[in-house]
Amino acid sequence: MRIPFTTYQFASPWFLLLILTLPILYYFYKESKSKRKLTYTLSTTLGIKNRSKNWKVKCQPYLPYLNIIALLFLIFALARPQDTSQRNDIATEGIDIVLCLDISPSMEAEDLQPSRLEAAKQVATNFVTDRPNDKIGLVIFAGESFTQVPITIDHNLLIEQIKSLHSSMLSQSTAIGMGLASSVNSLKNATEKSKVVILLTDGVNESGTISPETALEIAMLFKIRVYTIGVGANGEVFMPIKDEFGNIVSRQKLPVSLDEPLLNKIAKNTGGKYYRATDNASLNKIYKEIDQLEKRKITGERYAQYKDLFPTLVALAIIFLLLQLILKYTLFRSIT
């Protein structure tokens with residue numbers, strides 16, 4: 001309820017009806033005082049008739065009004081007065097995101113520096129750092145998929161897990177459908193309205209029990225937006241060959257094999273966007289663009305928060321109550 005000709009309003013104006021109870025409370029207070037009033041009889045009042053009252057006697061009857069003023073302040077506090085001139089527009093916080101990363105052996109290719117996987121880990125870490133208010137999870141896939149970190153606000157844990165990724169964690173091959181399906185499974189019961197998957201891969205779907213088309217249908221069913229990123233330079237790239245101990249023994253030139261039509265289809269049908277990253281700079285730019293796109297979507301939903309004034313009123317009520325008690329038992333102390 002807005003107060004006319006001012007910048008103030010009451011968020012809970014119905015509490016103001018409690019003011020109507022104050023005359024009733026005052027009436028019962030006066031009745032109780034009159035019943036407890038002491039009386040005595042004098043043979044004559046001539047000795048005190050012309051004696052003037054001092055200021056304490058004159059002021060004492062008004063002492064109960066301090067309690068009434070305190071109650072008024074408390075009632076106004078319950079009505080939650082707000083200053084609308086001091087408004088904060090606050091973005092609704094919250095977007096649930098799953099980073100879905102391909103960690104198959106081909107991600108060791110060196111067309112991105114120092115490798116595709118290391119470059120992807122770095123930009124993913126920066127992305128997480130730049131979004132402190134969001135719950136973010138991590139799904140990894142190669143020949144199979146695995147939820148490495150369920151969606152969480154514990155970004156320190158998430159970053160540690162991202163940094164620990166390597167290409168030998170899962171069986172060889174590429175199962176894009178499985179990776180997307182696991183990501184959707186992590187988000188399907190999420191509480192936030194906006195649910196996003198950022199899927200990064202450098203290959204084509206070669207294995208897995210769930211096809212990319214089926215995973216896409218599930219993502220559409222749960223209204224999950226998918227951004228897809230295809231990683232890899234055009235043409236042939238150098239791939240390190242490692243021994244059983246993980247040491248690089250040679251480098252072999254291999255052609256790039258990337259299913260761009262599939263990645264584009266997944267992004268388009270879910271309301272996302274497909275990107276191609278051929279070097280570190282373009283990959284970093286892609287994540288920054290996705291970051292800005294999703295921030296714009298969130299900040300479009302805002303609510304106004306006005307400055308609440310009730311703490312001041314509660315403090316004033318306490319001051320008046322304490323003042324009444326102090327005066328009652330000190331300056332205006334009475335035997336009645």
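**Close-ups of a predicted model: pocket and sheet**

**View 1. Strand β8 gives the most to the lining of the second largest pocket, with four residues.** This is a predicted model: local features need pLDDT of at least 70, side-chain atom pairs pLDDT 80 or more, while totals for chains, interfaces and linings use all residues. Numbering starts from 1 along each chain, and side-chain values use heavy atoms, without hydrogens and water. β8 (236–242) and β9 (248–255) each supply at least two lining residues. Strands are DSSP runs of E, at least two residues; helices are runs of H or I, at least four.

**View 2. The second largest pocket has a volume of about 410 Å³.** Of its 15 lining residues, P105, E108, S167, P240 and K242 are the closest to the centre. A pocket is an open set of points on a 1 Å grid where a 1.4 Å probe fits, with protein on both sides within 12 Å along at least five of seven lines; lining residues have an atom within 4 Å of a point. The volume is the space filled by probe spheres set on the points.

**View 3. Six strands form an open sheet in the order β5-β4-β3-β6-β7-β10, with mixed pairing.** β5 (145–152) and β10 (274–277) are the edges; each has a single partner strand, so one side of each lacks a neighbour in the sheet. Pairing requires at least two DSSP bridges.

**View 4. β4 (residues 135–141) and β5 pair in the antiparallel sense over five bridges.** V139 has T147 in β5 as its bridge partner. Helix α6 (residues 155–163) packs on the sheet and touches β3 (96–102), β4 and β5. Contact means heavy atoms within 4.5 Å.

Conventions:
Axes fitted to C-alpha atoms, helices over the stretch in contact; angles between N-to-C directions.
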